[in-house]
Amino acid sequence: MLITLKRFDKSIRRPFLEKIEFTVEPSAEKAWEKFVSSPFLGVAQVPWERLKERREGNFQLHFVSLPQYTAVFYNLKKDKFKDKNVRLGLDRAINRIEICQRLSFVEPTLLPLPAGAIKEKSVFNLREARQLLPDNFSVELSYLDRYPFNETARLIASHWERAGVKVKLLGLEEEALSEKVFSGDFEAVIWGEVVGRDWDLT
């Protein structure tokens, strides 16, 4: 999809740019491929795996950081997740501190609030998780197949497996993941939402 922004005819001063064109691609990977193979001047949401790549000429990397709340969501329409103790057991099995230490640039939180907004306590308890989860429990975890979501998925899977859960990982591109989530055709999914810098979420 092509989006074009043009200057207003009644501009008081002549603008530095006559027009700006944006193209919207179905995934960050496809946007990057188009960027390196055509005369585009910039690209947003560069896949982490591609940061080491360079195109001919100048290449400058600019970070625009916005707080994002990322969590595991369970499909409550699936019978296996209707028992609150099952969801609680899966939650208790996840060591958020370890995940954040491995990823290095994120902070653990229990609610979609900026760090420091409220005091929180760690809920990680492997023994309690094993007691809450039924025997031979299995779960399919869907996620966006790029860093840091794929690494987060692998870490969560390893935590669940310690609690005796059989985990199937399903990495998807953005379009396929969105379709899967909004159609309700998933068991558990890692999903993120940019919450902005304001603590007032209303």
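The model you are looking at is a predicted one. To find this residue, look in the loop between strand 4 (138-144) and helix 5 (149-162). Once its neighbours within four places in sequence are set aside, Asp145 is in contact with Asn150, Gly171 and Leu172. Glu174 is another residue to look for here: 29 residues along the chain separate Asp145 and Glu174, and their C-alpha atoms are 8.1 Å apart.

Now step into helix 5, where Arg154 and Glu151 both lie, 3 residues apart, or about one turn of the helix. Side chains of opposite charge can pair when their charged atoms come close. Arg154 and Glu151 form a salt bridge, with 3.2 Å between the closest N and O atoms. Glu151 counts as buried because its relative accessibility of 18% is under 20%, whereas Arg154, at 41%, counts as partly exposed.

Salt bridges that share partners also build a network, which joins Asp91, Arg92, Arg96 and Glu128. The side chain of Asp91 meets that of Arg92 in a salt bridge with an N to O distance of 3.9 Å, and it meets the side chain of Arg96 in a salt bridge at 2.5 Å, N to O. Asp91 itself is partly exposed, at 21% relative accessibility. Arg92 counts as buried at 17%, while Arg96 counts as partly exposed at 22%.

Key
Residues are numbered from 1 along each chain as its sequence is written. This is a predicted model: local features need pLDDT of at least 70, side-chain atom pairs count only at pLDDT 80 or more; totals for chains, interfaces and linings use all residues. Side-chain values use heavy atoms; hydrogens and water are left out. Helices (H or I, at least four residues) and strands (E, at least two) are DSSP runs, numbered from the N terminus. Contact means heavy atoms within 4.5 Å. A salt bridge is a side-chain nitrogen of Lys or Arg within 4 Å of a carboxyl oxygen of Asp or Glu. Buried means under 20% relative accessible area, exposed over 50%, partly exposed in between (1.4 Å probe, protein chains only).
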